[in-house]
Amino acid sequence: MIIKLKKNIESRVLDEMKLQLNAFHIKKDTQDLLITSSGIKELPSVFEKNIDDQWVFDSDMQLSSKSFQNTKTEIDLGTVKIGGNTNNTVLIGGPCSVEAEEQIESSAKLLKELNLSILRGGCYKPRTSPYSFQGLGKEGLMLLSEMREKYGLKIISEVRDATHVKDVIEHTDIIQIGAKAMYDQGILRACAQTQKPVMIKRGFGTSLQEFTQAAEFVLSGGNPNVILCERGIRTFETKTRFTLDLCGVAWLQEFSNLPIILDPSHAMGYAYGVPALTKACLAMGVDGLIIEAHPDPKEAKSDASQQLNHQEFKKLHQELVPLANSLGLNLV
Ligand code: PEP
Ligand code: MN
């Protein structure tokens, strides 16, 4: 249940309500809200005089639901906006991992040349094997910060575990919580304590209910700036790396108020399929696309098979612009 409190509520009453209802208290646009479990369907009558409005839910998808907030959340990065009532589709590009200054600078120049705004690059890689490249860590974040300064780009990079969450929050413009990390409540709670935008990637075995509940951890902790990212789920099919759940995207668009970014690169796993899949994603009218591109994909230290080379990325961009226009979207 979400409860909108009266403006002049006494702090003593607020504390009592929080305690009795086991509720989270957040401020949303100057408004005081209490959020309880969705199991609570009715407010004890003693509290009724203290409230302006209330919403009852049948699941713990509450703050992220359209039935609470019918308008899409806007993520304001200053130079670029995602979601809200903009018609923007952000095209985020860059390598899977930041590997070296020359490599990430080449990616930054590519985005600049295409007038795009957000550079991706992982520094703390959640690898399946401990023997694979694990990322440059803090050194990588510093290289990304340099690219922000030099090229005026916004930066997105992932947090793998709670040991470096503070560094990722400090040095990025959007914090990416990876598909494997999205169940880590230490990370989710740390990201709730900032106002920096957070992009949560759906785990490959995660139901839509669990996915939106991960978002609720961040929202109910006080950070309204959450983006959902569909990046493919695991099915019986093994010819492609994962299966991109566009039905799930349609469901999220219908029932959630959060902006949605799609990641065809990780879903497909092979560069040959990424351009066509990206067009299908754009046709869903989503708020963003995140595509891996590397100056020399065969030498990439992670996800080599799925990264586009820069020529391929430029060609894809060229093809996406008219498609975006025909859909009434601005590719930014
Ligand atoms: C990535 O974006 O490079 C990545 C590791 O993504 P995911 O968490 O979706 O596997
Ligand atoms: Mn990757």
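In this predicted model, the domain assignment of the protein gives two segments, with domain 1 spanning residues 2–55 and domain 2 spanning residues 74–331. When the centres of domain 1 and domain 2 are taken over C-alpha atoms, they are separated by 35 Å.

Among the open spaces of the protein, the largest pocket has a volume of about 440 Å³, and this is the space taken by ligand 1. The lining of the largest pocket is made up of 21 residues, and those that lie nearest its centre are Pro126, Lys180, Arg231, Arg241 and His266. Divided by class, this lining contains 11 charged residues, together with five polar and five nonpolar ones. The second largest pocket holds about 280 Å³ of space; it is lined by 13 residues, of which Phe24, Thr36, Asp60, Gln62 and Ser220 are the closest to its centre.

The shell around ligand 1 consists of Cys96, Arg120, Lys125, Glu158, Gln176, Gly178, Ala179, Lys201, Arg231, His266 and Glu292.

Several polar contacts between the protein and ligand 1 can be described in terms of individual atoms. For Arg231, a polar atom of the side chain lies 2.6 Å from an oxygen atom of ligand 1. For Lys125, an N or O atom in the side chain is placed 2.9 Å from an oxygen atom of ligand 1. In the case of Ala179, by contrast, the contact is made through the backbone, with an N or O atom lying 2.8 Å from an oxygen atom of the ligand. Taken on its own, ligand 1 has 300 Å² of accessible area, and the protein covers 92% of it.

Note on methods:
Residues numbered from 1 in each chain as written. Chains lettered and ligands numbered in written order. Predicted model: local features only at pLDDT ≥ 70, side-chain atom pairs only at ≥ 80, totals over all residues. Heavy atoms only, no water. Near = heavy atom within 4 Å. Polar contact = N/O pair within 3.5 Å; in protein donor to acceptor, adjacent residues only side chain to side chain. Areas by Shrake-Rupley, 256 points an atom, 1.4 Å probe, with all protein chains shown as cover. 1 Å grid on protein atoms, 1.4 Å probe; cavity = no way out; pocket = protein on both sides within 12 Å on 5 of 7 lines; lining within 4 Å. Sits in = over half its atoms within 2 Å of the grid points. Domains from an automatic or database assignment. Points joined across faces, edges and corners; volume = space filled by probe spheres on them. Nonpolar A, V, L, I, M, F, W, Y, C, P; charged D, E, K, R; others polar.
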